[in-house]
Amino acid sequence: MSDFFSKEVENFYSTGIKKKHLKFQDIERIDRGFLNFGLWENGTRNYREAAANLLTMVIDNSGITSDARILDAACGYGTETFEIHTRLKPRFIEGIDITGIHMEFAQRKAHSLGLHEEIRFQRADCCNTNYRDDYFSALVAIEGPAHFYTKADFIKEANRVLENKGKLVLTDIILGKKFNWDKKFQVAVMKFTSKCWKLPRVNWIDEQDYKKLLKDSGFRLDVFNRLGESVFPGYAKNCLKLRTIRTRIFHRGFWAIMGMTFISYLLGYLQKKEMIDYIFVTAEKK
Ligand SMILES: C[S@@+](CC[C@H](N)C(=O)[O-])C[C@H]1O[C@@H](n2cnc3c(N)ncnc32)[C@H](O)[C@@H]1O
């Protein structure tokens, strides 16, 4: 099931890209290669700013120091990995992602910048890596965990590869305060969104379950912030702009973008109804 799901996720993120034979500089040009929802604060003018805001917030509040050995889990095209490297100057940083095309791009970029010794990338499943125990002092995962099969397996794997007192820093999606398992309509909309956006149903957990999962997997929670209102409405609004649609059609093709625009709308709707929320979490390995 894990392999099947990983393949589904990889297909989702590769759709349109291979077919259009995009050049690598095109990927960099479009959204700087970011794939997250962004943090839409007052005055945020566009997606690039929102994605950069999110990353800055994650780095500033991560508590990761400059001698760190970092795993960037589900790093996408690696844009955040390079940025974390520039900002924190860690001892080394490794980026992993399940989508081969993302890793190809990131590896080429590291080589072209002469950074391939310090910033390494490999295609891997975050729930089952080949790193030895205690290898990293910090693990960052921005928005990947929602897709992982399963989130619980990932948290256990994170605990295994982190050293004692190692830091886990992530952003993720949880069930919102008003989600009600007894309401058939809510469950049906969630089911549909999960199918479109590749969210395994076992990952539908709320704040309480999330905190329990971290605790039971050997983490001490430091920060648990709900950020949904600063994430989904801004992203959904931006996705409906003609300019965004036009640029992204160039990137992924017409049908992929129609699908993604619809998913963004759905996520915006679910957040507005408080059926989902976006969280920023930091925790320490006990
Ligand atoms: C929403 S994107 C976020 C990418 C990046 N962190 C960013 O903010 O730009 C989610 C990423 O998770 C990756 N992913 C999903 N499931 C994964 C898994 N099991 N192992 C590794 N990467 C995975 C996808 O390939 C995709 O690049």
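Good morning, colleagues. The model before you is predicted, with local features requiring pLDDT of at least 70, side-chain atom pairs counted only at pLDDT 80 or more, and totals for chains, interfaces and linings using all residues. Residues are numbered from 1 along each chain as its sequence is written, and side-chain values use heavy atoms, with hydrogens and water left out.

I begin with the ligand. It is surrounded by 21 residues, the closest being L35, A74, E80, D97 and T99; a residue is near a molecule if one of its heavy atoms lies within 4 Å of it. By class, this shell holds eleven nonpolar, six polar and four charged residues. Here Ala, Val, Leu, Ile, Met, Phe, Trp, Tyr, Cys and Pro count as nonpolar, Asp, Glu, Lys and Arg as charged, and the others, Gly among them, as polar.

A polar backbone atom of A74 is 2.9 Å from a nitrogen atom of the ligand. At I98, a backbone N or O atom lies 3.1 Å from a ligand nitrogen atom. The side chain of H102 has an N or O atom 3.1 Å from an oxygen atom of the ligand. Taken alone, the ligand exposes 590 Å², of which the protein buries 99%, by the Shrake-Rupley method with a 1.4 Å probe.

I turn to the empty space. Rolling a probe the size of a water molecule over the atoms shows where such space is left. On a 1 Å grid over the protein atoms alone, a cavity is a set of points where a 1.4 Å probe fits but cannot get out, whereas a pocket is an open set with protein on both sides within 12 Å along at least five of seven lines; lining residues have an atom within 4 Å of a point. Grid points are joined across faces, edges and corners, and a volume is the space filled by probe spheres set on the points.

By this rule there are four cavities of 30 Å³ or more. Helices are DSSP runs (H or I, at least four residues), numbered from the N terminus.

The second largest cavity contains about 260 Å³ of space. Of its 17 lining residues, L35, Y235, R248, R252 and M260 lie nearest the centre. The largest share of this lining, four residues, comes from α11.

Finally, the pockets. About 320 Å³ of space lies in the largest pocket, where D31, N46, Y47, R243 and T247 are nearest the centre among 13 lining residues. Helix α10 gives the most to this lining, with four residues. The lining has two nonpolar, four polar and seven charged residues.

The second largest pocket, with which I opened, is also lined by 13 residues, among them F5, S194 and K195. Helices α1 and α7 (184-197) each supply at least two residues of its lining, which divides into seven nonpolar, one polar and five charged.

Terms used: Polar contact = N/O pair within 3.5 Å; in protein donor to acceptor, adjacent residues only side chain to side chain.
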